[in-house]
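Please open the model in a viewer and keep the sequence panel at hand.

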Amino acid sequence: MKIQLCACALLLCAVTAWAQLSPPNAAGVRMGHLHYHVRDVEANKRFWVSLGGTPATIAGEQAIRFPDVFVVLTKAESSGGTDGSVVNHVAFRVQSLAKLQAAGFNVQLLAQFPGVGSVNTPEGERIELFDETATNITFTVDEGLTDRNAERHNQKIAVPIIAHHIHLYLPEGSEAAAKAWYSKTFGAVPGMRWRYPAVDLPGINMNFSGNKQPMAPTKGRMLDHVGFEVRDLAAFCRRLEAGGVKFDAPFKKESSGVATARLTDPWGTSIELTEGFNQ
């Protein structure tokens, strides 16, 4: 990937001051991180920085900071990319796909959907992108509900790049159950993103599509897990356990000072809950 350094430098100057997580919702939850297992950390780090992120180190891990999300990179082998797993892809909004192309990115455009394209990481992971000309990024909350934070999807972005959605491919007929589970478990706002059943959390939209083929769990894939940052994580975990949620790894305080817990959604998405990750 050949990137024009002057364009990247301008982009990096623009993002440095505004890269931070969103305020949490009423349940204390917000988007936190995307954790990738890659063979070449430095090559992937250069890709994400060129896309508009800023380098960071979190608990000894290489990370790239974007508005609303950290991308964490760990050197490890994976069993495959997101294609074929429950999480089919993640997506970001950008102000202009044309500017990314001018900066040297190979943006694969979708002819039938103006303003939509994708780029690939050095190891072939597809990252979906939407710019301001796209018409399929809006989110409508379910009837009878309102949420001021979710309105961000129906407005222009004020920054060069920002996280948009995580798209889950589920067994056909599971979409409504997924909306209900994420709403109940994390206080997410249910609605529709374009034609997809969806829920919204501060910093990320979760989209659900029915699929005839069985999908692999995310654990062990290149995108090994997604992370939600939670206020008062210990109390939050106690509430989930009281409601019947089983944890893969219970609440604990790491030596770094970050508190963590792990669970898997009913369809195979590995989720890490953290507190203090953004510090």
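Which residues have the most contacts inside the largest nonpolar core? Select L34, Y36, W48, F92, Y182, F186 and L273, which hold that position in a core of 59 residues. A nonpolar core is a set of buried Ala, Val, Leu, Ile, Met, Phe, Trp, Tyr and Cys residues joined through side-chain atoms within 4.5 Å; buried means under 20% relative accessible area, with a 1.4 Å probe and protein chains only. A second, separate core has 8 residues, among them L21, I58, F70 and F277.

The model is predicted: local features need pLDDT of at least 70 and side-chain atom pairs count only at pLDDT 80 or more, while totals for chains, interfaces and linings use all residues. Residues are numbered from 1 along each chain as its sequence is written, and side-chain values use heavy atoms, with hydrogens and water left out.

Next, centre on L34. Setting aside residues up to four places away in sequence, L34 touches V69, F70, V71, V72, V90, F92, I166, L223, H225 and V226, where contact means heavy atoms within 4.5 Å.

Move to helix α2, residues 41-51. Helices are DSSP runs of H or I with at least four residues, strands are runs of E with at least two, and both are numbered from the N terminus. Of the 11 residues in α2, 9 are buried, including N44, K45, F47 and W48. At the start of the helix, a side-chain oxygen of D40 comes within 3.3 Å of the backbone nitrogen of E42. Just after α2, G52 has a positive phi of about 135 degrees.

Now select N207, in strand β13 (residues 204-211). Is this residue buried or exposed? N207 counts as buried because its relative accessibility is 0%. Its side chain makes a polar contact of 2.7 Å with that of N205. Beyond neighbours within four places in sequence, the residues in contact with N207 include H165, H167, R193 and Y196.

Finish at strands β15 (residues 247-253) and β16 (residues 259-264), which run antiparallel and are joined by 4 bridges; strands pair if DSSP finds at least two bridges between them. K253 stands opposite A259. The hairpin has 5 residues between the strands, and G257 there takes a positive phi near 100 degrees. Continue to β17 (residues 270-275), antiparallel to β16 and joined to it by 6 bridges. Here T274 is the bridge partner of T260. In the turn of this hairpin, select G268, whose positive phi is about 110 degrees.

Note on methods
Buried < 20%, exposed > 50% of the residue type's maximum accessible area, 1.4 Å probe, protein only. Polar contact = N/O pair within 3.5 Å; in protein donor to acceptor, adjacent residues only side chain to side chain.
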